[in-house]
Structure formats: structure tokens, C-alpha cells
Amino acid sequence: MKADDPVTVLRGVGPAAARSLARLGIVSVGDLLLHLPMRYEDRTRYVPLNEVEVGQACLVAGKLVRSDMAYGRRRSLTATISDGSGFLTMRLFHFSRQQAEALRRGEWLRCFGEMRAGPAGREMVHPEYRVLSARPEAPEPALTPVYPATQGFASTRIRACVDQVLDAGVTLNGSVLPEEPVPALDDAVVFLHRPPADASPEALDASRVRVAKDELLAHHLLMRERQKLRARQRTTPLPKAQGLGRELVRNLGFRLTGAQRRVVSEVLNDLDSPTPMIRLLQGDVGSGKTVVAAFAAIRAAEHGCQTAIMAPTEILAEQHYETLSGWLSPLGIEVGLITGRLAARERHARLSAVARGETLVAAGTHALFQSSVEFASLALVIVDEQHRFGVHQRMMLRHKGHLPHQLVMTATPIPRTLTMALYADMDVSVIDELPPGRPPVQTSSVSSSRRPEVTARVVSACRAGRQAYWICTLIEASDALESQAAENVAAELRTEAPGLRVGLVHGRLSAAERAQAMEGFKNGAIDVLVATTVVEVGVDVPNASLMVIENPERLGLAQLHQLRGRIGRGKRRSYCILLFDPPLSDVARARLGIMRETRDGFVIAEKDLELRGPGDVLGTRQTGMQTFQVADLARDAPLIPAVVEMGARIADPVRRKVIATWSPFFDDSYTEV
Ligand code: ADP
Ligand code: MG
């Protein structure tokens, strides 16, 4: 058995089990090794009943002294055991008749569960339990790992699979890092899967950190490798030409901010070079990234070369198309729109204009990188809101030209430490200044008990000619439930204020219906847009000056910030109301406080990282970054400076080994240059 064998080499893993495991991202034997326990249960000893503490999860055993049916507010079945030192009651609310009958006096009971202070003394509610006719067997020799599991494949089955792998002696064949006080990678992995009975939480954590660090290091080294290879590539340089950019500056109707000017010159400088540009442009929502893209496209067009600009949604692609044709058509540069919505004929006509090279700037969605799209001379690829695209898709578009220059734009501010480690293969530009004359969005948090006031406020703002967003979110980001919540709010608003023009955007509507609502909102035919988080990205409606976000406590800071960025784009003062459901957890309270205090995306990103709420921050989900097997950016970001430093002084053979160990676990496109 080898680490890169498929899981089906394991006993008891057939095609169905393999499918379940694949849902957990486990395809190979090596994936199993890296599927680390999320916690451990201590079943290494029977705790005497008089020593069990409230809140403690432990293994106990005793002889059944009585069993009762209790009829309180809820019917429950109780069984009390004694081990000579004390008593404990097991309580079940859901049980079958067989279960009730099995709990006979004189039998032995073995339970694993958490002790609570119940109404009639100390008890375990729904522990794992077994009824035995004799004194129970010896406890487990080691801590019991609990694995992240999935429907149809429980933690215990995963454990059995991992055991097979460890018994077969399969390892990742990892490296020993220099100056490591902790064990080698493979020892750390084994320790985590099979900790001895006396393993301390500190030792477990140190081992996990050891593995995470190795993974982050591998990723970092891979990025640097890519950068080195890239520096040797050659493409068409696009030097300064006719000066059409100046003409755009004159026509714009606004002055570029200092940050925009700096970033434009960084980009144009790159284009001037025969090394293909790969630049990440970070700029908060509303900071004016589109105009930077326009200058880059103009430069390409001056050389008769084409630009593809790719947006994650049809609405955004259309918005880019309109903005860019407004700016570029007067300069004689033809802009085209390629989306999945086009009728066959129209699509064919537009595609041939691109293939002939007449359309110099093609705006579009992922439809742009279908194989039917051919470019005459693609020299520049611009990807907007990059986290919505896989790296892979970006690479596909890259193959349509001869190593085109790439500009990747994102509104998700990424703290500097992370950029250093994760985007080490890209150059980074930051627009850290908003266009002038935008009053800050005033943010307040309001308890859901005051919901009627909030509704009234939305209605009166709309009656005064303003527009509002009402964003519905739910904890279980189930499309169906969220959509239903949005439908309910829309109905409520319509009842509350007949005549109010309410639009709806949610995942259960067709793309055409969504686009229609968005367009209505953009051109003022709709007063309130009730939406799920699908509006998150890039939409520009300057007249919208009020936003209600329901259940903001359930969102990460990065996402809240993105949402709020939809307002405050016009001259008018804008308001964001965070309509929360009490009680708030401490972390949620802190998050809402930060939202009230600052609108600086980078500050928010740093705080988000500090707060480390579960699953938010720029978790890989939000940024579309490489998904790590073990490392968790929210938790492990502090390791990054040390990782970067180690990466700089590591010897060549170790470097190669680290990369080789982890490459199979990284997304394919990450190993591609
Ligand atoms: P984002 O960075 O979120 O993509 P956009 O490019 O959509 O931002 O710009 C937001 C709005 O600001 C647009 O209406 C754009 O025309 C306008 N804008 C961009 N730069 C400036 C500027 N320097 N001064 C005034 N308005 C600007
Ligand atoms: Mg944008």
C-alpha cells in the first residue's frame, strides 16, 4: 500500500464507501493520513462515579440499581447505576420499548458521555451506552480520535480505515525540517492519529502545528518556484504607444485618486516588460478597480492586442461591458460582451468578431473560456472578483493566448502576512484610498425586537426616492431556506407598504428573473431589493443608500464588509442596519462592533483574523484560495512569518522534498505554472 493508492485498496472500502469518503475530500490513502482527528475522547479508564465532575466527558460503568419512566414536562427513561463509590443516572428522551425493557436491575451498564447536573442529581443524557450481563471489558488503551465524518461514513469507520493505513506502515515520506524541536512530519501524523493515553493537549497541538507548518511551507515554496519559472517566461511586451490613456483621463469626468494613479503605473510598467504580468490588484469595494482595468486594456488595444475581462456573474459582466464601452468606444476600441445568455446566432456573430480580432476587449462570464471562444491576439486577461473563480479557470483562459499578461482583481482585503505566503507567486498592488466625496456608511446594530421600526425606516426612505437593499441570510446557508426567507420579507414589505416596488433576487429564481430584478433596481424601477447573499459582489447602484442585513451575527466580517460595500457609493449619506437576533455570542458582538467602528477593509480583515470565528475570516471558501488539508488560515496565520523565513533559508534537497511530499495534495492548477 502506498500513499497515492486510491482508498479502495483498503479492506471494506468499495465504490459506495469511496464516494462517501470523497465527500470529505478523501480520495487517496495519503488523504486519509492527513484527515486528522478534530478532537479526542478519553476512554482509557473507568472514572469512579464519585469522582466524575459536571461537564466532564468520561467513561463510567456500574450495576443497574433501578430503572424508571419519568413523566415530567417530557417523558423520559432513567436508569441509575452504582459502582460502590457513588451513583449516576442515565436519562433518555427518545427510546424504544426494547431499550426500556433491556434496562433491567442487576445488569451492568457502560456509558460514555458528559456529566450534567440534572433535576434529580448528576446524570448523563443520551450517552453512548451498552447493557452487559457481566462486568464490562477493559477500557481502551489509548485516546479515541474523533474524525470529521459524513453521512454514511461515521468517525469509527474512518478510524478503522486509518488503522489499516498505519498498520501497513504507509507514511507521507515527509522531510525533517531544520532546527525542529518537534518530531518529523510522519511521526507527528502518527501521534495525532494514535496518541498515547497520557498525551497532553499541548503535545497534540504541537503536533498539529507541526503538520500545518509543513503544509504552509510546501505551499509557500511552490509559489516561489512558480514565480521563478515565470520570471524566465517571455511574452509580447506592450510598451507605451499612442497615448489613448491620456484621452481617457480627459474624458473620465473624475480625477483618479493617488492610489489609482500609482496602481495604473505599476500595471502599465509590467505590461511594458517581456515577462508575463501576474498581478493581484486588491482594492476595497468602491475603490475604483474597473478604471485600472480600462487603462490596461487600452494599452493592449494600442498594440492591436485583445483583452478578456472576466466577471463571476452575468450582471457584473454586463456592468463591465457598459462601463468599458462607455470609456473605450470613444477611443475607437470595440468592446464586446460574451455571456451564456446569448442566443445562438448572436453568440456566433460576437464570437467571430472576437476571432477576427475586431472586438479588442471581450467582457464576459466563464462563457469566455469555453473552447468555442477563440481570440485572434489575446494579450491580457483580467479576472474580476477572483475569489469566485477557481485558479484552474483562470489558467484555462491563459491557454487561449500566448502567455497573456494577467491582472487579478479582488475586493477581499487580504492581510499582508497572508499575501506574503499565499500569493508569493504574484505581484501585489493595493488601492488603499476611496474616491473623494463619499461620506462613510453609518452602521448601527438593532435587535430583531425592533424589526417593525426598521421596516418603517426602509419604507420611508423609499418614499423619499431612495433605494434600499434588504439582505436575508441564514445560518444553514441552504439555498431553499434562504430563498424562502427572502420571499417572506418581500411579502411582508408589500403588505406593509402597498405601492412600494419590491424586487427579489435569490438562488431559487432563474438567472433571467434575477437579472431582471437587478436591472430594475439599477434603473430605479425597483425601490427595495430583497436579496440573499447572491448580491454580494461588485454591483454598482449609487442611489442605494440603505441596507438592512438580517442575522449579521451569522456572517464573517469579510462577508459583512462586502455586503455593506454595495451602499455608500453615491454622494448621499448611507446607512447600514445590522438586524441581529439576540442573544449575541461574544465573538458576534465583537464583530458587529468592528463593523460599526470602521470601514477600512484591511483593518476588518486583520480583526477578522484575530477573532478567528469558526469558519469565517478569509476561509478558503470565501477567497477561493488553495484549500489546505490541515492548515487553517484563521488559526494558523501566526505561523506564516516563521514559515516564510524558513522558506528563505531551507536547503535545496529539503525544499524539493517538502514540495514533493505535499504536491499530490494541492489542487492541480497550483502545480501548473
Ligand atoms: P470597485 O473597485 O468596487 O470595482 P468600481 O470600479 O465599480 O469599484 O468603482 C466604483 C464607482 O466609483 C464607479 O461608479 C466609478 O466610476 C467610480 N470611480 C472610480 N474612480 C473614481 C474616482 N477617482 N473619483 C470618483 N469616482 C470614481
Ligand atoms: Mg468591481
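Two strands count as paired if DSSP finds at least two bridges between them, and strands themselves are DSSP runs (E, at least two residues), just as helices are DSSP runs (H or I, at least four residues), both numbered from the N terminus. The model is predicted, so local features need pLDDT of at least 70 and side-chain atom pairs count only at pLDDT 80 or more, while totals for chains, interfaces and linings use all residues. Residues are numbered from 1 along each chain as its sequence is written, chains are lettered from A and ligands numbered from 1 in the order in which they are written, and side-chain values use heavy atoms, with hydrogens and water left out.

**Exercise 1. Work out the strand order of the six-stranded sheet and find which strands stand at its edges.**

Step 1. The six strands form an open sheet with parallel pairing, in the order S16-S21-S20-S17-S19-S18.

Step 2. Strand S16 (442-447) and strand S18 (502-505) are the edge strands, each pairing on one side only.

Step 3. Neighbouring strands of this sheet are turned by 20° against each other on average, direction ignored; here axes are lines fitted to C-alpha atoms, for helices over the stretch in contact, and angles run from 0 to 180 degrees between N-to-C directions.

Step 4. Within the sheet, strand S17 (residues 467-471) and strand S19 (residues 528-531) run parallel and are joined by four bridges, and Tyr 469 stands opposite Leu 529 in S19.

Step 5. Helix H18 (residues 586-597) packs on the sheet, where it touches S16 and strand S21 (575-580), and its direction makes about 150° with that of S16; contact means heavy atoms within 4.5 Å.

**Exercise 2. Explain why one side of S11 and of S15 is left without a neighbour in the seven-stranded sheet.**

Step 1. This open sheet, with parallel pairing, has the order S11-S12-S10-S13-S14-S9-S15.

Step 2. Strand S11 (335-338) and strand S15 (427-431) stand at the edges with a single partner strand each, so one side of each has no neighbour in the sheet.

Step 3. Five bridges join the parallel strands S10 (residues 306-310) and S13 (residues 378-384), with Thr 307 opposite Leu 380 in S13.

**Exercise 3. Identify which protein atoms lie 2.6 Å from an oxygen atom of ligand 1.**

Step 1. A polar backbone atom of Gly 286 is 2.6 Å from an oxygen atom of the ligand, a polar contact being a pair of N or O atoms within 3.5 Å (within protein, one must be able to donate a hydrogen and the other to accept it, and residues adjacent in sequence count only if both atoms are side-chain atoms).

Step 2. Polar side-chain atoms of Thr 290 and of Arg 438 each lie 2.6 Å from an oxygen atom of ligand 1.
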